[in-house]
4 protein chains.
Amino acid sequence: MSSVLGTIFRTTTFGESHGKAVGCVVENCPAGLELKEEDIQPDLDRRKPGQSRITTQRKEPDTVSILSGTYQNKTTGAPISMVVYNEDQREKDYGNLEHVFRPSHADFTYHAKYGHRALTGGGRASARTTIGIVAAGAIAKKILSLKTNTVIAAYVSSIHKISLPLSFAIPEIGLLKREVEKNPVRCPDQKIAAEMEDLILQVSKEGDSVGGVIDLIIENPPVGLGSPTFDRLDALLASVMMGIPAVKGVEIGSGFSGSQMKGSEHNDAFYNDSGRIRTRSNFSGGIQGGISNGEPIYMRIAFKPTATIKKEQETVNDKGERVILRSAGRHDPCVLPRAVPIVEAAAALILTDQFLLNKFSKFENL
Amino acid sequence: MSSVLGTIFRTTTFGESHGKAVGCVVENCPAGLELKEEDIQPDLDRRKPGQSRITTQRKEPDTVSILSGTYQNKTTGAPISMVVYNEDQREKDYGNLEHVFRPSHADFTYHAKYGHRALTGGGRASARTTIGIVAAGAIAKKILSLKTNTVIAAYVSSIHKISLPLSFAIPEIGLLKREVEKNPVRCPDQKIAAEMEDLILQVSKEGDSVGGVIDLIIENPPVGLGSPTFDRLDALLASVMMGIPAVKGVEIGSGFSGSQMKGSEHNDAFYNDSGRIRTRSNFSGGIQGGISNGEPIYMRIAFKPTATIKKEQETVNDKGERVILRSAGRHDPCVLPRAVPIVEAAAALILTDQFLLNKFSKFENL
Amino acid sequence: MSSVLGTIFRTTTFGESHGKAVGCVVENCPAGLELKEEDIQPDLDRRKPGQSRITTQRKEPDTVSILSGTYQNKTTGAPISMVVYNEDQREKDYGNLEHVFRPSHADFTYHAKYGHRALTGGGRASARTTIGIVAAGAIAKKILSLKTNTVIAAYVSSIHKISLPLSFAIPEIGLLKREVEKNPVRCPDQKIAAEMEDLILQVSKEGDSVGGVIDLIIENPPVGLGSPTFDRLDALLASVMMGIPAVKGVEIGSGFSGSQMKGSEHNDAFYNDSGRIRTRSNFSGGIQGGISNGEPIYMRIAFKPTATIKKEQETVNDKGERVILRSAGRHDPCVLPRAVPIVEAAAALILTDQFLLNKFSKFENL
Amino acid sequence: MSSVLGTIFRTTTFGESHGKAVGCVVENCPAGLELKEEDIQPDLDRRKPGQSRITTQRKEPDTVSILSGTYQNKTTGAPISMVVYNEDQREKDYGNLEHVFRPSHADFTYHAKYGHRALTGGGRASARTTIGIVAAGAIAKKILSLKTNTVIAAYVSSIHKISLPLSFAIPEIGLLKREVEKNPVRCPDQKIAAEMEDLILQVSKEGDSVGGVIDLIIENPPVGLGSPTFDRLDALLASVMMGIPAVKGVEIGSGFSGSQMKGSEHNDAFYNDSGRIRTRSNFSGGIQGGISNGEPIYMRIAFKPTATIKKEQETVNDKGERVILRSAGRHDPCVLPRAVPIVEAAAALILTDQFLLNKFSKFENL
């Protein structure tokens with residue numbers, strides 16, 4: 001139902017792949033933050049199509065325009081509306097698909113729910129709609145960077161069956177972020193990244209697609225974000241990640257492997273690290289009782305392979321007739337490289353909202 | 001921040017392990033539904049402590065009382081308030097823990113966020129607070145059972161390293177639900193359930209604890225539930241499941257294993273099954289583009305081992321001093337058997353809300 | 001639809017006149033506030049029935065019980081649930097009304113909307129449901145009193161055609177509040193209060209009822225509460241006041257009389273009062289652009305006469321048959337004296353929520 | 001805090017007088033409604049500046065563009081984003097005001113709350129921000145017109161001390177709407193309208209401004225809209241009306257005059273009108289217990305005189321220094337004629353949301 005994320009720092013997204021524009025409205029951004037398009041564009045560039053040979057060749061500059069909420073490059077407290085106009089639409093690519101339910105796309109469910117499909121590239125179901133998340137997330141990131149020590153880094157940890165080794169040592173987070181951006185796959189190990197890139201190109205040639213896993217690390221989150229019940233920090237993060245198109249699984253901390261451990265192994269012992277309470281292990285993934293404890297938050301997010309493939313597939317059309325489908329639309333053989341900034345933005349939106357909400361958790365601080 | 005779940009069929013929970021009562025308020029339940037305490041109590045009985053030798057021995061009848069929202073055993077459209085009074089509190093069990101941060105509990109994060117711990121059994125962090133979810137979920141289940149063909153079944157599929165075999169064939173769902181209730185573990189395979197029970201007892205004797213995985217199957221969900229963006233059905237289900245205490249991972253459909261498949265394997269081919277559009281496989285887990293397609297929704301939910309164990313543990317107190325902890329409070333050596341009704345209730349709350357919201361997805365149906 | 005008020009400091013009310021209890025849940029009250037039932041009871045006592053000879057003689061002690069959200073008499077940050085059990089229900093008083101639509105009651109609209117009436121005393125439509133507002137409002141008042149200089153005072157300014165004179169000079173607000181409580185009408189002028197009381201008694205004898213106006217003054221509100229658009233402070237106050245049963249009109253500042261003034265008369269000139277920016281007049285009623293400017297907020301709230309009267313009335317029953325109605329239920333011949341604490345509580349809830357929200361209006365304050 | 005209105009049919013507005021654009025996002029408009037810019041533009045034209053000699057001469061075509069949420073001129077169920085670009089900005093008109101707090105404007109409160117003023121024409125405080133309400137309201141009106149018999153009509157009933165006579169007989173609503181549009185004041189009595197127009201011109205020449213009252217009539221509203229507590233239909237309408245810039249008072253039904261009536265006079269007797277339950281009088285204004293009873297809803301909305309006047313005024317600047325202000329910016333000497341479509345749109349938004357919500361008030365209708 002809702003296209004709104006957040007309680008205070010609140011993002012409403014709009015737009016479809018086929019329409020005039022995609023964008024978002026960010027409410028309740030505190031006033032006085034310096035903000036211009038240059039703060040937003042870099043993350044959009046990391047997400048935009050056509051940035052490398054392993055992404056879709058659709059040409060979209062994805063240039064953002066701030067329509068409201070700033071004055072003389074400062075936020076005013078009013079809703080910040082941002083739009084990106086769609087430029088390279090090719091409706092004719094989809095003409096022959098108008099009545100076909102593409103397997104594992106949203107064609108059938110949209111048709112069933114809304115009585116139409118607003119086709120051509122997925123419409124509202126297109127990953128293009130995540131532009132609003134990335135744009136809003138860039139503001140959230142800026143707030144976190146100015147008011148906390150939090151650093152958010154996502155990267156591709158596996159593509160199909162090629163994974164970072166279990167022994168992979170996460171480098172210092174600044175270095176990690178630089179390594180991630182050195183290759184089009186956004187995997188921090190350059191050698192494995194090259195293997196992944198080869199695989200994606202190979203799969204693309206075969207007219208097929210692959211999935212994979214993105215890891216997310218949030219270093220130095222403020223202590224105390226989240227709350228006990230439905231807005232637990234882990235629940236909020238799981239929700240926003242599962243809401244990214246193609247995501248099928250989410251783990252926080254020990255995740256599924258934690259289900260095979262005993263309490264005596266899994267419990268994270270507290271110790272006093274020169275006055276700061278820390279934990280010796282971090283199977284909790286930085287969140288206990290739904291609230292951040294200051295340790296790094298880490299998550300793993302599983303993406304299914306892209307539903308659009310060039311291989312022939314059996315399906316039905318909206319009359320229920322059997323159809324053999326061979327897709328023509330441009331698409332990514334693997335969504336993960338472009339999903340890395342989306343994952344980071346989604347995390348930043350949740351953290352920033354919770355950071356604001358945490359301002360009044362204690363009466364004495366009012 | 002929020003103790004509220006849902007947009008229309010909305011549940012607010014309240015209560016702590018140490019207080020007078022726990023409960024919930026359910027808003028916007030349509031008027032005219034027959035409802036009395038007898039509709040609510042059975043699921044609370046499945047969740048209550050002391051129901052078997054593998055659960056905590058705290059004695060709580062967990063008898064629910066409907067305070068408002070019904071008249072002559074029918075809902076009136078007004079908020080339905082339900083309470084369960086706490087009876088067997090033993091604050092003294094926790095007396096010696098007042099200043100200790102128990103590992104992997106919420107003691108430290110609550111202390112950091114709220115400046116206190118509202119201790120004794122976890123307070124608001126206690127799984128006892130899920131009583132409100134189970135009570136509200138019982139109403140949701142009743143609505144679904146009367147207005148749809150939806151059946152929701154959860155069961156324990158693994159405890160520590162004992163799992164249902166990959167070859168486990170899910171029986172017809174009514175039979176499944178009966179088999180699940182035949183043993184205290186709530187695993188549908190009686191032989192494996194017995195092994196699991198033995199393990200739990202063994203671990204309990206060792207003063208340790210274990211985690212595991214609960215599987216959730218929703219058969220015959222209405223087509224069209226969920227929406228494109230932040231309220232995707234998968235995002236909502238992931239959120240509410242990750243919000244259950246001790247959950248660390250959530251998968252829908254193919255989950256993490258789907259990340260290792262190719263599109264040509266993973267895509268669920270549509271076919272015409274005597275007029276109903278169905279899919280030959282169901283790696284989507286019944287949800288495509290965030291919206292239910294009518295196929296069974298299935299999820300896997302990973303629980304960490306119980307944080308409370310009797311084994312000695314290193315930790316610190318609220319002065320930052322090193323402490324050796326040996327817990328005394330009554331607790332479950334494994335939370336999964338009692339979490340089965342919580343998982344079902346949480347799913348029912350999401351589905352019912354989305355079922356109502358779906359009433360106006362099409363203009364022609366207004 | 002919603003029984004929830006507020007964005008952060010959020011109150012959900014529940015309960016009906018005929019049910020077991022009425023009450024509320026208050027979410028996101030900051031942790032560490034000292035709170036016990038004694039903080040809540042005085043305002044409930046000002047609202048309770050039977051407190052004088054001009055109120056209904058229903059006997060309800062209206063004793064509040066805090067079920068959750070506090071520990072050792074301090075708030076914990078968890079939802080605060082409060083209940084008042086109904087004691088003196090007399091369903092038989094209403095037996096003969098079961099099928100009758102009482103004029104200007106909610107009988108017909110509830111029947112039309114919900115298909116039933118949950119009768120006996122108005123059910124959810126009863127002013128008894130404002131107990132939740134008064135209880136939650138008592139917490140809000142305490143927060144305001146400890147963290148701001150804000151003082152909220154409401155009083156009866158007219159009953160039927162008896163009004164405070166236009167020349168009535170509002171005394172110092174502490175004195176005002178004391179004068180208000182010196183008579184059962186809650187009018188600060190003792191002589192006029194006596195006239196009002198006589199009128200109410202006279203009207204009651206005639207089997208009739210009267211309405212009137214309550215004035216609300218909020219002294220020393222924090223500057224900056226409210227926001228530009230739908231959550232303007234004036235809009236929020238108007239909404240919560242119009243939501244009190246029997247209210248038909250709301251004015252802020254100059255109100256309707258302001259519509260007959262010219263800009264040059266109505267504009268409130270700013271001046272520098274020893275460093276504090278103030279206005280010479282206050283036709284704005286302390287709110288400009290939807291945001292408080294620090295001047296006293298003042299409102300006038302019009303209440304219609306009580307719908308329940310003993311005089312014979314023509315109406316229809318739920319079969320559409322003409323019926324002559326003569327009511328028997330106990331009722332107030334004038335609701336205003338008991339509505340004074342409701343108006344204050346409603347204002348306190350809005351102000352406290354906005355006070356918390358205002359914590360992050362400026363980026364520099366984060 | 002919130003720039004969002006509605007629970008289901010939800011409008012988020014954005015934009016300022018000084019920025020690039022103003023607009024809105026409408027969520028959860030049911031799919032399949034025919035919608036194009038031509039449906040929106042007429043009401044924007046009724047609101048736009050420069051439409052007559054009694055409105056501001058700022059030149060804005062206020063041409064709306066639908067950016068998302070439609071496909072082939074039908075709504076898709078996705079968020080509908082609409083924008084109007086600002087064209088005739090004259091920042092220099094405001095240059096000399098940059099540091100001055102204009103009396104009864106939002107300059108001081110915005111400065112206090114947000115630390116800046118986003119000046120030039122009021123920024124977010126400008127009535128220009130109601131464009132989003134009018135655009136969204138046009139969709140709401142279309143839904144009501146296609147699915148109900150509801151007709152919404154607003155008109156100017158008084159300007160300063162010139163009022164429609166008490167004996168004014170409201171004509172048939174279609175005729176009323178046509179008469180209203182025959183003169184620039186939007187008063188349905190042509191003779192009185194001419195007097196009002198003369199007064200406005202006279203006042204404008206004097207460099208002064210006037211206020212007035214707008215009456216709102218909603219004929220044939222669906223029975224059953226609204227709900228018992230905080231979302232009472234009267235509370236929602238009062239809130240959205242009080243949120244329109246310059247509004248200081250709101251009455252529903254008998255309003256303040258009802259406070260001087262006795263119950264026996266005020267109660268609206270029910271009768272059976274050929275099978276439809278109606279009331280003989282309508283002091284309730286079509287709303288009882290917060291829910292519509294099918295009778296016409298009528299409201300009176302008081303507007304203060306425009307704060308911007310050309311006459312000299314005393315005030316202070318942001319250093320607290322005394323300043324004599326003489327405004328230069330273009331402005332309306334009376335806001336009411338252009339506020340008529342805003343009032344209608346605001347009412348339509350509330351009614352449409354409640355119309356959708358009412359779909360599941362009864363269990364039997366699910």
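How many helices and strands does chain A have? Select chain A and color by secondary structure: nine helices and 18 strands. Keep in mind that this is a predicted model.

**Chain A as a whole**

Stay on chain A. Its radius of gyration is 21 Å, close to the 21 Å that the globule rule gives for 366 residues, so chain A is as compact as a globular protein of that length. Show the C-alpha trace and turn to its principal axes: the spans are about 65 × 50 × 35 Å. Now think about burial. Of the 366 residues in chain A, 67% are buried. Then look at contacts between residues at least 6 apart in sequence: 71% of these join residues at least 24 apart.

**The two copies**

Bring in chain B. Next, the interface. Interface residues of chain B are also interface residues in chain A in 100% of cases, so the copies meet through the same surface.

**A helix pair in chain B**

Select residues 37-47 of chain B, helix H1, and residues 336-357, helix H9. Their axes come within 6 Å and cross at roughly 140°. H1(B) and H9(B) are therefore oblique to each other. Show side chains at the contact. From H1(B) come Asp43(B), Arg46(B) and Arg47(B); they meet Arg338(B), Pro341(B), Ile342(B) and Ala345(B) in H9(B). By class, this contact has four charged residues, three nonpolar and no polar.

Definitions and conventions. Residues are numbered from 1 along each chain as its sequence is written. Chains are lettered from A and ligands numbered from 1 in the order in which they are written. This is a predicted model: local features need pLDDT of at least 70, side-chain atom pairs count only at pLDDT 80 or more; totals for chains, interfaces and linings use all residues. Axes are lines fitted to C-alpha atoms, for helices over the stretch in contact, and angles run from 0 to 180 degrees between N-to-C directions. Helices (H or I, at least four residues) and strands (E, at least two) are DSSP runs, numbered from the N terminus. Angles under 35 degrees count as roughly parallel, over 145 as roughly antiparallel, 65 to 115 as roughly perpendicular and the rest as oblique. Two residues are in contact if their C-beta atoms, placed from the backbone, lie within 7 Å. Ala, Val, Leu, Ile, Met, Phe, Trp, Tyr, Cys and Pro count as nonpolar, Asp, Glu, Lys and Arg as charged, and the others, Gly among them, as polar. The radius of gyration is taken over C-alpha atoms; the globule rule is 2.2 Å times the number of residues to the power 0.38. A residue is buried if 20 or more other C-beta atoms lie within 10 Å of its own, exposed if 12 or fewer, and partly exposed in between; C-beta atoms are placed from the backbone.
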